[in-house]
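Please examine the structure shown here together with its sequence.

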Protein chains: 2
Amino acid sequence: MDTPTTRVSILEVSAELYADLGYSAVSMRDIAKKVGVTPANLYHHFKGKDDLIREALAHVFAEKTAPIAALLNEKHDEAERLGIFIAYFVKLLAEDRVFFRLLVRELVDGDENRLGYLARSVLERPFRLISSLAGPGQSEDQQFLATVSIVSLVLGHALLAPLLPHLPGGRPDHSDASVVIGHVTAALSRAFHSNGNDK
Amino acid sequence: MDTPTTRVSILEVSAELYADLGYSAVSMRDIAKKVGVTPANLYHHFKGKDDLIREALAHVFAEKTAPIAALLNEKHDEAERLGIFIAYFVKLLAEDRVFFRLLVRELVDGDENRLGYLARSVLERPFRLISSLAGPGQSEDQQFLATVSIVSLVLGHALLAPLLPHLPGGRPDHSDASVVIGHVTAALSRAFHSNGNDK
DNA sequence: GTCTATATTCCGATAGAC
DNA sequence: GTCTATCGGAATATAGAC
């Protein structure tokens, strides 16, 4: 808020380099060079590398989370809302490489504190929505597992995307957002939206 | 098994540390210290850090891939074989932290060469099996997408496991292998093993 | 095959001028 | 707020004795 330009530039560059290279591989020198300032300047705006990366993460997550909240506040049929969320989530992971890689890095490398923050800031709201739509007639545990499965499907397709061209019968367009959305939506309606009992 | 050679010890320690910390964060000093040799010794057995990590990766993947191949050669009913593979895959990802993290790191950070190797060495064989079982009456593309979804489900549950306790209604035992196996198997039979058409 | 010793580069971080 | 200059340490990697 105080001095937007340099500080925000640092945050965005940091998020991008961290998403691409990981924590240890990105250096303060790299960030400073790409921003166009000196390394010492970074320490004026942030306490250190740890603080900088943490804030960069929060910056990107906050930025990408807002549309989800807005999306969930729209008035729609419940089943429709699930489809809308899935479409947004698939597109987000497919088109925003930085956000996707930050998310996966946190899931793999994040400690308890960071995972807690991730859950609260990004995933809790959509998680509640999906839970209410996933297998309405089932037990709480089954709803929870179904929700994890829905997120897993979207996340997995994004994670496996670069691998698909190397698999037998695979083509890059198997990861196109429209293809994934259609496939996942159809699969989910069969798996979790029928009146089946899960055991 | 006879006394492990120094070379194999180096490979196993390297895989473990790399899985935990990532490429840049693990140092030749760390590896040497944990193995019980000097850093210079590592350069006698391997050309450099790049070469060492690459070989460590191949070592672990080869080790974990063999049981899958054996599994697929057993004589079973086809639907049964899918269940057996899923159970093995879920357990592998849940119990072998090193393998799981190596797999995800490759998916996120691997270049084309490494992804090609990963596809050929680990994923191609199970992928072919699952493809033949996933929606037998459907088009080749639908079979392919269904297979990606099956892998996504298992991978996603493993990836999201550490996050579950932080989500509303989540408990650590939602990631227990037996729970995930039961849930995923049931969901898959509804989503991809019925005679549904996907669109 | 394993060691000691070291070359060289890069890292995060700080002090202080402007 | 941004810079120049630099410190102390750790990184990969090599040379050569045993």
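The model is predicted. In it, 16 residues surround DNA strand D, and 15 residues surround DNA strand C. Chain A and chain B bury about 5,000 Å² between them.

**DNA strand D**

- The residues closest to DNA strand D are Thr6(A), Thr38(A), His45(A), Arg29(B) and Tyr43(B).
- Sugar or phosphate accounts for 58% of the atoms of DNA strand D within 4 Å of the protein, and the rest belong to bases.
- His45(A) places a polar side-chain atom 2.8 Å from a phosphate oxygen of DNA strand D.
- Lys49(B) approaches DNA strand D through its backbone, with an N or O atom 2.9 Å from a phosphate oxygen.
- Two or more residues of the surface near DNA strand D come from each of these elements: α3 (39–45) of chain A, and α2 (28–35) and α3 (39–45) of chain B.
- Of the elements, α3(A) gives the most to this surface, with four residues.
- By class, the surface near DNA strand D comprises six nonpolar, eight polar and two charged residues.

**DNA strand C**

- Met28(A), Arg29(A), Tyr43(A), Thr6(B) and Thr38(B) are the closest residues to DNA strand C.
- Among the atoms of DNA strand C within 4 Å of the protein, 53% are part of sugar or phosphate, and the rest are part of bases.
- A base nitrogen of DNA strand C lies 2.8 Å from a polar side-chain atom of Arg29(A).
- Two residues of chain A are placed beside phosphate oxygens of DNA strand C: Lys49(A) has a side-chain N or O atom at 2.9 Å, and Val26(A) has a backbone N or O atom at 3.4 Å.
- At least two residues of the surface near DNA strand C are supplied by each of α2 (28–35) and α3 of chain A and α3 of chain B.
- The largest share of this surface, four residues, comes from α3(B).
- The surface near DNA strand C divides into six nonpolar, seven polar and two charged residues.

**Annotated region of chain A**

- An unreviewed UniProt entry places the feature "domain: HTH tetR-type" at residues 4–64 of chain A.
- Over residues 4–64, chain A is 80% helix and 0% strand, with its end C-alpha atoms 18 Å apart.

**Contact between chain A and chain B**

- In this interface, 57 residues of chain A are in contact with 56 residues of chain B.
- Carbon and sulfur atoms make up 68% of the buried area.
- Phe144(A), His183(A) and Arg190(A) supply 13% of the area that chain A buries against chain B, more than any other three residues.
- Six salt bridges are found across the interface; in the one between Arg101(A) and Asp109(B), the closest N and O atoms are 3.2 Å apart.
- The interface also has 22 residue pairs in polar contact.
- On the side of chain A that touches chain B, α6 (97–109), α7 (112–133), α8 (140–160) and α9 (177–191) each supply at least two residues.
- The most residues on that side, 16, are given by α8(A).
- The residues on that side of chain A divide into 28 nonpolar, 16 polar and 13 charged.

Conventions
Residues are numbered from 1 along each chain as its sequence is written. Chains are lettered from A and ligands numbered from 1 in the order in which they are written. This is a predicted model: local features need pLDDT of at least 70, side-chain atom pairs count only at pLDDT 80 or more; totals for chains, interfaces and linings use all residues. Side-chain values use heavy atoms; hydrogens and water are left out. A residue is near a molecule or strand if one of its heavy atoms lies within 4 Å of it. A polar contact is a pair of N or O atoms within 3.5 Å; within protein, one must be able to donate a hydrogen and the other to accept it, and residues adjacent in sequence count only if both atoms are side-chain atoms. Ala, Val, Leu, Ile, Met, Phe, Trp, Tyr, Cys and Pro count as nonpolar, Asp, Glu, Lys and Arg as charged, and the others, Gly among them, as polar. UniProt positions are given in the numbering used here, feature names are shortened, and annotations may be inferred rather than shown by experiment. Contact means heavy atoms within 4.5 Å. Buried area is the accessible area (1.4 Å probe) that two parts lose on being put together, summed over both. A salt bridge is a side-chain nitrogen of Lys or Arg within 4 Å of a carboxyl oxygen of Asp or Glu.
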